[in-house]
Amino acid sequence: MISLLFIEDDDAIRLALRLALEDEGYEVREAPDGRSGLTAFAESEPDLVLLDLRLPDLSGFEVCRSLRANSIVPIIIVTAQTDTYDLVAGLEAGADDYVTKPVV
């Protein structure tokens, strides 16, 4: 089973995407902010990280750089930001790809 870590501060989005991914057979762990996301990642490295850019404590860019410094796990940014600057900055921070919200 493929394990995912979804770092997202919006409870409703986190719940909806977790349920959809679990229905597809993925094991999903969640974190509501950057610090708890980094802790969850350290406890059990997932196969994939889904990462929001706008988190309440650390920015998604900071979380991405921290994860990338220690791991080659694929990181996909899941964001409502459609500004080209944010998307390029996320990729430069080490993300592998991005998806814009709402995720269909």
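Select Asp52 first. Leaving aside neighbours within four places in sequence, Asp52 touches Ile7, Glu8, Asp9, Gly60, Val78, Thr79 and Lys101. Keep in mind that you are looking at a predicted model.

**Stop 1: around Asp52.** Asp52 sits in the loop that links β3 (48-51) to α3 (60-70). Is Asp52 buried or exposed? Its relative accessible area is 4%. The cut-off for buried is under 20%, so Asp52 counts as buried.

Lys101 is among the contacts of Asp52. The two side chains also make a polar contact, at 3.4 Å. Draw that distance in your viewer.

**Stop 2: across to Arg14.** Next, select Arg14. Which residues does Arg14 contact, beyond its neighbours within four places in sequence? They are Phe6, Glu8, Asp9, Glu30, Ala31 and Pro32.

Arg14 belongs to helix α1, residues 11-23. Colour that helix. Its relative accessibility is 10% at Arg14, so this residue counts as buried too. Look for its partner within the helix range: Asp11. The side chains of Arg14 and Asp11 are joined by a polar contact of 2.8 Å.

**Stop 3: the whole fold.** Zoom out and switch to cartoon. How many helices and strands does the protein have? Count 4 helices and 5 strands. Trace them from the N terminus: the order is β-α-β-α-β-α-β-α-β. The radius of gyration is 12 Å, close to the 13 Å from the globule rule for 104 residues, so the protein is as compact as a globular protein of that length. Along the principal axes, the C-alpha atoms fill a box of roughly 35 × 30 × 20 Å.

**Stop 4: the surface.** The protein exposes about 5600 Å², and carbon and sulfur atoms supply 52% of that.

Finish by colouring charges. There are 8 positive and 21 negative side chains. How far apart do the centres of the two sets lie? The distance is 4 Å.

Terms used: Residues numbered from 1 in each chain as written. Predicted model: local features only at pLDDT ≥ 70, side-chain atom pairs only at ≥ 80, totals over all residues. Heavy atoms only, no water. Helix = DSSP H or I, 4+ residues; strand = E, 2+ residues; numbered from the N terminus. Rg over C-alpha atoms; globule rule 2.2 N^0.38 Å. Areas by Shrake-Rupley, 256 points an atom, 1.4 Å probe, with all protein chains shown as cover. Lys, Arg positive; Asp, Glu negative; His and termini not counted. Charge placed at Lys NZ, Arg CZ, Asp CG, Glu CD. Buried < 20%, exposed > 50% of the residue type's maximum accessible area, 1.4 Å probe, protein only. Polar contact = N/O pair within 3.5 Å; in protein donor to acceptor, adjacent residues only side chain to side chain. Contact = heavy atoms within 4.5 Å.
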